[in-house]
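This report examines aromatic pairs, a nonpolar core and a sheet. Please consult the structure shown below while reading.

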Amino acid sequence: MTYFLSFYGLWLASAFLVGALSGLASLRRADDDPSLLREGDFFLALALCLVAILAKAALGRFALYLEGVFALYAAFLAGLGAAALWSGPIARDHLGWRIGAGMVAVIAILANSEAAKSLEDALGHRLGSLVQREGGDPLNFEVSGRDVFLPADASGHRALAERLASAAGVRTVWRVDSLSPEAAAQREEALAAVSAEQDAHRAAAAAWEREQERLAAALAARPRPVEAPSPPKKGRKDKIAEGRSAERSAPPAAAPPPPPAALVWNSPNDPTLPAPEGPSLPPPATAVESSPCRAALTALAASEKIRFSAKSVALGAGAEKFLARLAGALKQCPDAALELRGHSDSVGSPEDKRDLSQRRARAVFDYLRRIGVSRERLTSAGVGDEQPIVAGDDPASRAENRRVEILLR
């Protein structure tokens, strides 16, 4: 229930507020019908009982939608009850609370289109990390709503099913013969992406080995200095005389040149090695400064912008999908971490702008945490409007500057 409330909490609060306002607008006057019970009064309660029964019997995403409708109308009735306790009885035939019930229907549609999808994506990413820690295939299961569909051929099916059933947010784990066509296609795409990344790693390692061989051959081909024949031995008196003569006639000798520095070639898989010092052969055009997964992660982080509405910290559906893709790519690059930098437009005081930018960065931070990214790999900060990407104070420029940047570190 706690996991459900973390996504539907704002919508439930809205339904409760609508119920309270509808109740206050429908207070019974002295000339209203004093009867408390009518046949129509039981309709909403009966409908809610039916929704609860269907939610228990339904599967997957449809069951989550029914749970959302039931919870929102329960919050609406709680708001009506709070208004009745605060100000007095509610007129049964008043139009106000019926309008409120219609508004809650609209809230239910919006909540199921936004919160339900976010809950499903976050649960899928979190369970994928759990399956991977348990030694299973993180792509060989499917999440629909709060239900998990686990193929019968999964490794350690029984133990894995028990572990998934005990995870927060999971309603039921179902045993199935195979994944749905959509989930199977997504799994094939993910496996192809992993295979391509491994091929890129192997190609980078092979290029590094070839460059090591080339450098070794270049060092071996350098001409060695020819040693001069040793002069004949001189006596002690001859050495003293030559030294005194050199002190009187020869100019001061220059300092000997420093020995050549060792040649170092940095492996593409270990960016922590020291940089080359002193004279060395120029690096080839195929030198790789970072691992392919970091390069791919950097390109993905820069491919889309996370924008916000004016004075808002809410993430849109497009931003959540992008962050889900980014979290999946981050799992393939364990040595990478993300810096989340929030920005605001030029409207407001400096304190308000900095606070708003910090809350935007924190919103992205919290969403990545919910879908399985560890806290140690994330940092967030807000800089207000100090770093705009578009100059100007028109609405279009302000919209471009309301953003969160994602930087790799």
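## Aromatic pairs

Phe 4 and Tyr 8 are four residues apart in helix H1 (residues 2–25), so about one helical turn separates them. Helices (H or I, at least four residues) and strands (E, at least two) are DSSP runs numbered from the N terminus. The model is predicted: local features need pLDDT of at least 70, side-chain atom pairs count only at pLDDT 80 or more, and totals for chains, interfaces and linings use all residues. Residues are numbered from 1 along each chain as its sequence is written, and side-chain values use heavy atoms, leaving out hydrogens and water.

Phe 4 has 6% relative accessibility and therefore counts as buried, as does Tyr 8 at 0%; buried means under 20% relative accessible area, with a 1.4 Å probe and protein chains only. The rings of Tyr 73 and Phe 76 have centres 6.4 Å apart and planes at 85°, so this pair is edge-to-face (rings pair if their centres lie within 6.5 Å; planes over 60 degrees apart count as edge-to-face). Both residues lie in helix H3 (residues 60–87), and both are buried.

## Nonpolar core

The largest nonpolar core has 64 residues. Such a core is a set of buried Ala, Val, Leu, Ile, Met, Phe, Trp, Tyr and Cys residues joined through side-chain atoms within 4.5 Å. Helix H4 (residues 95–133) gives the most to this core, with 14 residues.

## Sheet

An open sheet of three strands has the order E1-E2-E3, with mixed pairing (two strands pair if DSSP finds at least two bridges between them). Strands E1 (142–144) and E3 (172–176) stand at the edges, each with a single partner strand, so one side of each lacks a neighbour in the sheet.

Methods
Buried < 20%, exposed > 50% of the residue type's maximum accessible area, 1.4 Å probe, protein only. Phe/Tyr/Trp six-rings, centres within 6.5 Å; stacked < 30°, edge-to-face > 60°.
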